Amino acid sequence: MAGILSTVKRIYLAIYNWAVFSGWLQVLIFAIKALNESGPAAVYDAVEKPLQLAQTAAILEIIHGLIGLVRSPVSATLPQIGSRLFVTWGILYSFPEIIRYSFFGMKEALGFTPSWLLWLRYSTFLLLYPTGITSEVGLIYIALPYIKASEKYCFRMPNKWNFSFDYYFASIGVLGIYVPGSPHMYTYMLGQRKKALSKLKVE
Amino acid sequence: MKVTLVSRNGREVVKGGIELDESATVKDLQETIHARTKKYYPSRQRLTLPAKPGGSAKPIVLSPKSKLLDYCEKGKSDNLTVVFKDLGPQVSYRTLFFFEYLGPLVIYPLFYYLPLYKYFGYADTDRTIHQVQTYAMYYWCLHYSKRILETFFVHRFSHATSPLSNVFRNCLYYWTFGAYVAYYVNHPLYTPVGETQWKIGFAFGLLCQVANFYCHIILRSLRSPSGNGGYQIPKGFLFNIVTCANYTTEIYQWLGFNIATQTVAGYVFLVVATSIMTNWAMGKHRRLRKLFDGKEGRPKYPRRWVILPPFF
């Protein structure tokens, strides 16, 4: 029984990872195509659909972590996914995502990954984390006055449940989380890198 | 006898080891380590026996009251190797609890009494304070005052200290949630529920708080004042049916508060607090079941609800 369950789990994870991989690959291809043909303004419209799909699939990943399907701790995946749900950024993310999903896809499907892929997975973050974080923070900051004026995604009081959500204040809160969050994420990845690449040397 | 003190990567913590009398206790060892290393006071030291190679069993922690001889292998009573781990700067539990509870106690009334909402964009012109909001403030403050008093006069702690980093983490949790709930219950646009509902809510909550206090008194009597910190099977009152009756009453007490005040923020707080306490309760229940397994003359731990009858 346990054997069947773990096989099902592997098949599910293999399919999931390859599906999201192809989603991000699409994002990258559409983004570059739109950039070439029409310029930066057209990029978002071109990638919107596969991007939203891939980003939403990322929520599944938090659930995977929560129910123990994968071993990543929720404290590391939640801010990762959460930050990207907040700001979607086509090209910058499709690169690491393509690497990451093909990495997991191969691992689940075939049981191993090529060492160059492992290296890529644990090294690209060194550059992409700082650039990614800077662009996210920058974007949120620039968007703040627009968020405030547009009143989008706001739910106001009074109401029966005494609940409110203000996208503007939530954004400021998110910016605050970046302060302890970024060093935490970066050092976590550095630790993971050390562990993963040392395992490589042993083999 | 000579004690060799090593860190987990094999380095000698005290060069040349420590010479102690054969009748020395672990506590004596701890005080000597402190004297020799200056910065590692006893509550910072975690002393274990070296792990058996290949085994995955949890290392044996040296208990301060025990004699060092008890941990020596047969026939080797003149030499003992002890593994040392620095637990980092420690803070007494009383200090930790005091600061984490002080926040909500002070922050909540700030939202009630001070015109803070103008900083959130609400002109403080005609703000009518509903009766339920006043009672909510009293209820909340009573709760956290009770917690502080219990910390100093009721609770007996199994460990005297907690790592310093927990102060920041715990205060962040309590203070942030305190402000989050206080913001919504004292909001100028707050919509109260019907009078019957909030009266029932507060009455139920108060009842649970009294029950919770009684649970704490029972738990206190399970531990001797000399701080042995041993485990006993809790019994009496609600403990006869629920292992962690103290958590149960705490959770239901917050439920009463939320029935009365009805805010999403309050319910979020309830859910988070419940999950944290449930986690603790499962650990405690498991530990007690393992300890009281009915073997070797130990009593068997009776079948009970873990934390939340009738669900779990």
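1. Some conventions come first. Residues are numbered from 1 along each chain as its sequence is written, chains are lettered from A and ligands numbered from 1 in the order in which they are written, and side-chain values use heavy atoms, with hydrogens and water left out. Since this is a predicted model, local features need pLDDT of at least 70 and side-chain atom pairs count only at pLDDT 80 or more, while totals for chains, interfaces and linings use all residues.

2. Chain A has 7 helices and 0 strands, where helices (H or I, at least four residues) and strands (E, at least two) are DSSP runs numbered from the N terminus. Along the sequence, the pattern of chain A reads α-α-α-α-α-α-α. Of the 203 residues in chain A, 38% are buried; buried means under 20% relative accessible area, exposed over 50%, and partly exposed in between (1.4 Å probe, protein chains only).

3. Over all chains, the structure holds 6 salt bridges, a salt bridge being a side-chain nitrogen of Lys or Arg within 4 Å of a carboxyl oxygen of Asp or Glu. One of them joins Asp166(A) to Arg156(A), with the closest N and O atoms 3.1 Å apart. Both residues lie in the loop between helix H6 (125-150) and helix H7 (167-202) of chain A, so the pair ties together parts that are 10 residues apart in sequence. Asp166(A) counts as buried because its relative accessibility is 19%, whereas Arg156(A), at 36%, is partly exposed.

4. In chain B, the side chains of Lys27(B) and Glu31(B) form a salt bridge with an N to O distance of 3.4 Å. These two residues are 4 residues apart in helix H1 of chain B, so about one helical turn separates them. Lys27(B) is partly exposed, with a relative accessible area of 45%, and Glu31(B) is also partly exposed, at 41%.

5. A further salt bridge links Lys146(B) and Glu150(B) at 3.3 Å, N to O. Both belong to helix H3 of chain B, where they stand 4 residues apart, or about one turn. Here Lys146(B) is buried at 13% relative accessibility, and Glu150(B) is buried at 3%.

6. The largest nonpolar core has 44 residues, and those touching the most other members are Tyr108(B), Trp140(B), Tyr144(B), Phe202(B), Trp254(B), Phe257(B) and Phe269(B); such a core is a set of buried Ala, Val, Leu, Ile, Met, Phe, Trp, Tyr and Cys residues joined through side-chain atoms within 4.5 Å. Helices of chain B that each supply at least two residues of this core include H2 (93-113), H3 (131-153) and H4 (165-185). H4(B) gives the most, with 9 residues.

7. Patches are made of residues with over 30% relative accessible area and no salt bridge, like charges being joined within 9 Å and nonpolar side chains (Val, Leu, Ile, Met, Phe, Trp, Tyr) within 5 Å. H2(B) gives the largest share of the nonpolar patch, 3 residues. Tyr135(B) sits in helix H3 of chain B and is partly exposed, at 39% relative accessibility.

8. Asp21(B), Glu22(B), Asp28(B) and Asp78(B) form a negative surface patch. Asp21(B) lies in the loop between strand S2 (18-19) and helix H1 (26-37) of chain B, and it counts as exposed because its relative accessibility is 54%.

Key:
Areas by Shrake-Rupley, 256 points an atom, 1.4 Å probe, with all protein chains shown as cover. Lys, Arg positive; Asp, Glu negative; His and termini not counted. Charge placed at Lys NZ, Arg CZ, Asp CG, Glu CD.
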